[in-house]
Amino acid sequence: MKARTAMYRNGDVTRKRIAFHFVKPGQKSHGKQRCYRTAPRISNFERLGWTRSTDEDFDVYWASVHNVRGLFNPENLSKRLRDGQVVNHFPNHYELTRKDLMARNIKRYRRERERQEQLAVADGMDLNPRKRGQSEPNLASFERVPLEWVPATYSLPNDYALFVEEFRKSPNSTWIAKPTGKAQGRGIFLVSKLNQLKRWSNPGQKEKNQQGQPLPFREPYIISRYISDPLLVGGKKFDMRLYVLVTNYKPLKVFLYRGGFCRFCVEQYSTDVAEIDNIFVHLTNVAIQKQAEDYNEQHGGKWAISDLMLFIESTRGRAASDKLASDMEQIIVHSLKAVQNVIVNDKHSFEMYGFDVLIDKDLRPWLLEVNASPSMTTTTEDDRLLKLRLINDALNIAISEKRGPPEGIDDEFPTVLGDFACIFDEKPKHEKRPPPPPPPR
């Protein structure tokens, strides 16, 4: 069932029939939360007085990653999007959001950029990085690609032999294995010895990979080098959830939400072998940590990124804090550019990603994964308010970018809107926005 809504501004209708996708009663939810009535995105629509609709006359279709596949299926003639209609996913968003494809695309991109840089240096081109505070939110065409920002990663079972070879080079290192098709920490485990993989082996050994070797896993996995020296706060490990809005891939335009948060483990961090299976020490996923006995329901194990940056500034200095902020922007933009040429840039699409980033003790950010549908469930009141503002700002930007700004707003789109800031825009400044399409009838 879909929702058709109307948004009002100063008493005048500025948008018509804003639509939202709901799961039908009794419909399989593919593991997503079932209490859709309490989700912040629905609260946002209802708070603005938007109403439901069961027809195809909508402006914005907020679909799940499963439903969007059918929406862009060429054989599905009954659900073709019309001019002016917007959907919250790009057709093949999984090129960045599936763990194995993300690692493969970024690895390929790094190789290509390094070759470009070598040629540029040979031609005497300046490759100085963008300075923070630069007025134009645009990276130079040949800005140096950052240091490796994704831990060494292998796809299993196909890269099993390569992984074993790499593992034996550093037998004392720890690796983390994740199923490619699951979320919220399900199926994740740490590996410090090769025989620990046997728990997830295929006992029948009947299936084989392309090289004719038995499949060692019941399902596809990736295995990545574990960042064993994370930055700790209060002795506890954490990672960051950064919300990134992409309104266009060609030319690429990226907004970063300033209200992200850190997710902390409940227990003190330890590299002791005896703690390798302790998920409350190593895995920051809220779905896992909330099962711990010492889980704090008041703050939910979360800390605003603004507080983290203040902590880093007070302990490492302002320059270190500014550099970390700049480095995180760099890996976000370069990760998106890694899939820019493979993503189908449908004119109806936008995407709000959840980037999961971990900082090591040297303040170097590492990209762990990118989520196509970052969880909108809430654990605290602050969390609920954050996600209400997040969805409101994301929709305002996406609709304005796709359909033109409301009447009376200047054609030049601001680089800061709500809590989102534009950190990258490939479109030349002199290029005018195309006229908005007529609303769907």
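# Briefing on a predicted protein model

Four strands of this chain form an open sheet in the order β5-β8-β6-β7, with antiparallel pairing. β5 (153–156) and β7 (189–191) stand at the edges with a single partner strand each, so one side of each has no neighbour in the sheet. From one strand to the next, the twist averages 25°. The model is predicted, and the protein chain averages a pLDDT of 77.

**The chain as a whole**

- The protein chain has ten helices and 16 strands.
- Of its 441 residues, 51% count as buried.
- Among contacts between residues at least 6 apart in sequence, 71% join residues at least 24 apart.
- A score of at least 70 in pLDDT is reached by 71% of the residues.
- Over residues 1–38, pLDDT stays under 50, and the model has 104 contacts beyond four places in sequence for this stretch.

- Strands of a sheet pair through backbone hydrogen bonds, either parallel or antiparallel.
- β5 and strand β8 (residues 221–225) run antiparallel and are joined by four bridges.
- S155 has I222 in β8 as its bridge partner.
- Helix α5 (residues 160–169) lies across β5, β6 (175–179) and β8.
- The direction of α5 is at about 140° to β5.
- P157 is placed in the loop between β5 and α5.
- The peptide bond that joins L156 and P157 is cis, with omega about 20°.

**Helix packing: α4 with α9**

- Two packed helices are described by the angle between their axes and the distance between the axes.
- Helix α4 (residues 99–122) and helix α9 (residues 318–338) have axes that come within 8 Å and cross at roughly 95°.
- Angles of 65 to 115 degrees count as roughly perpendicular, and α4 and α9 are therefore roughly perpendicular to each other.
- On the α4 side, N105, I106, R108, Y109 and R113 take part in the contact, and they meet H334, S335, K337 and A338 in α9.
- The residues of this contact of α4 with α9 divide into three nonpolar, three polar and three charged.

**Helix packing: α8 with α9**

- Helix α8 (residues 305–316) packs against α9 at an angle of about 140°, and the axes are 6 Å apart.
- This angle makes α8 oblique to α9, because only angles over 145 degrees count as roughly antiparallel.
- M309, I312, E313 and R316 in α8 meet a set of α9 residues made up of R318, A320, S321, L324, A325 and M328.
- By class, the contact of α8 with α9 has six nonpolar, one polar and three charged residues.

- K302 is in strand β12 (residues 302–304).
- The relative accessible area of K302 is 16%, which means that K302 is buried, since the cut-off is under 20%.
- Leaving aside residues up to four places away in sequence, K302 touches F261, C262, V286, T379, D383 and K387.
- R98 is found in the loop between α3 (94–97) and α4.
- With 36% relative accessibility, R98 counts as partly exposed, because this value falls between the cut-offs of 20% and 50%.
- R98 and T180 are 82 residues apart in sequence, and their C-alpha atoms are 6.4 Å apart in space.

**Backbone geometry**

- Most residues other than glycine have a negative phi, and most peptide bonds are trans.
- P251 lies in the loop between β9 (238–249) and β10 (252–257).
- L363 is a residue other than glycine with a positive phi, near 65°.
- The place of L363 is the loop between β13 (351–359) and β14 (365–371).
- L363 has a relative accessible area of 9%, so this residue is buried.

How values were computed: Residues are numbered from 1 along each chain as its sequence is written. This is a predicted model: local features need pLDDT of at least 70, side-chain atom pairs count only at pLDDT 80 or more; totals for chains, interfaces and linings use all residues. Side-chain values use heavy atoms; hydrogens and water are left out. Helices (H or I, at least four residues) and strands (E, at least two) are DSSP runs, numbered from the N terminus. Buried means under 20% relative accessible area, exposed over 50%, partly exposed in between (1.4 Å probe, protein chains only). Contact means heavy atoms within 4.5 Å. Axes are lines fitted to C-alpha atoms, for helices over the stretch in contact, and angles run from 0 to 180 degrees between N-to-C directions. Angles under 35 degrees count as roughly parallel, over 145 as roughly antiparallel, 65 to 115 as roughly perpendicular and the rest as oblique. Ala, Val, Leu, Ile, Met, Phe, Trp, Tyr, Cys and Pro count as nonpolar, Asp, Glu, Lys and Arg as charged, and the others, Gly among them, as polar. pLDDT is the predictor's confidence in each residue, from 0 to 100. Two strands pair if DSSP finds at least two bridges between them.
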